[in-house]
Amino acid sequence: MPSCDQGTCLCEKEGRRGVPYSPYRSQKTWWVLIVILSYNIVETIGTLGEAPEATTVVESVDDVDRLDYPPNTKLFYTTQTTLSLDDCKQIKDRLIERFPWIETIPSGSICYATTNRQVAVQKACGFCDLVLIVGSTMSSNANRLVDTATVRKVRGKLIPDAEAVTPELLGDAQNIALSASASTPDELTSAVVEKLANPPFNFDIKIFNGGEERVPKWRLPRLVLYNVIHIWLQESRKFH
């Protein structure tokens, strides 16, 4: 029977289980793991569960300033996969400033879908006066996209679907950037585009190239790979 772990986001699994850069591995080799996370999300619980005795959670630059490790301490940091790039950079910079020998995952541990969308919104803020993000209020990914616009002094609004698009919401906006969280169904985003393009709004719709989509090359989890090979062997025997 497949385990529930097979449904875990690969970005999250890489951040908290990828050998050798993981809380578990760090604990076994006597590393101290510093995790940049929000306390109120499930990912924090899962990450802390890997190596609670060796893990410290920081949410802000002030948290970093309260850390006290001697120079011979093996330090490693990773991040929540859906953090704001802006907030995370401040914390990472402070960690490196205080502990120059600290190590991390070479490719970074923020989800590539989160990174790509935030970078695109950053660029769009240069020409728009309203950013609409299609997603759930429970989505950290979606909320961080709104934050990305807000920190750049551009009005950002999180909407669940096309029904939320009203004249009151748009106000006097002339140039609107539309994006969505990584988990938002395409149908919801397409419905918002269609509503904006038709009366009474009649916006001209243009596709904005926010940058090249960077997708990492993932390795299949061992259990999934084992199941694939097992099924392939069973099927191949039918023809012999």
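Two strands are taken to pair if DSSP finds at least two bridges between them. Helices (H or I, at least four residues) and strands (E, at least two) are DSSP runs, numbered from the N terminus. The model is a predicted one, in which local features need pLDDT of at least 70 and side-chain atom pairs count only at pLDDT 80 or more, while totals for chains, interfaces and linings use all residues. Residues are numbered from 1 along each chain as its sequence is written, and side-chain values use heavy atoms, with hydrogens and water left out.

**View A. Strand 5 (residues 130-134) pairs with strand 7 in the parallel sense.** The pairing extends over 5 bridges. Within strand 7, Ala177 is the bridge partner of Val131.

**View B. Three strands form an open sheet in the order 6-5-7, with parallel pairing.** Strand 6 (155-159) and strand 7 (176-180) are at the edges with a single partner strand each, so one side of each has no neighbour in the sheet. From one strand to the next, the twist averages 20 degrees.

**View C. Helix 7 packs on the sheet.** Helix 7 touches strand 5, strand 6 and strand 7 (contact means heavy atoms within 4.5 Å). The direction of helix 7 makes about 165 degrees with that of strand 6; axes are lines fitted to C-alpha atoms, for helices over the stretch in contact, and angles run from 0 to 180 degrees between N-to-C directions.

**View D. Helix 9 (residues 186-197) lies across strand 5, strand 6 and strand 7.** Helix 9 runs at about 165 degrees to strand 7.
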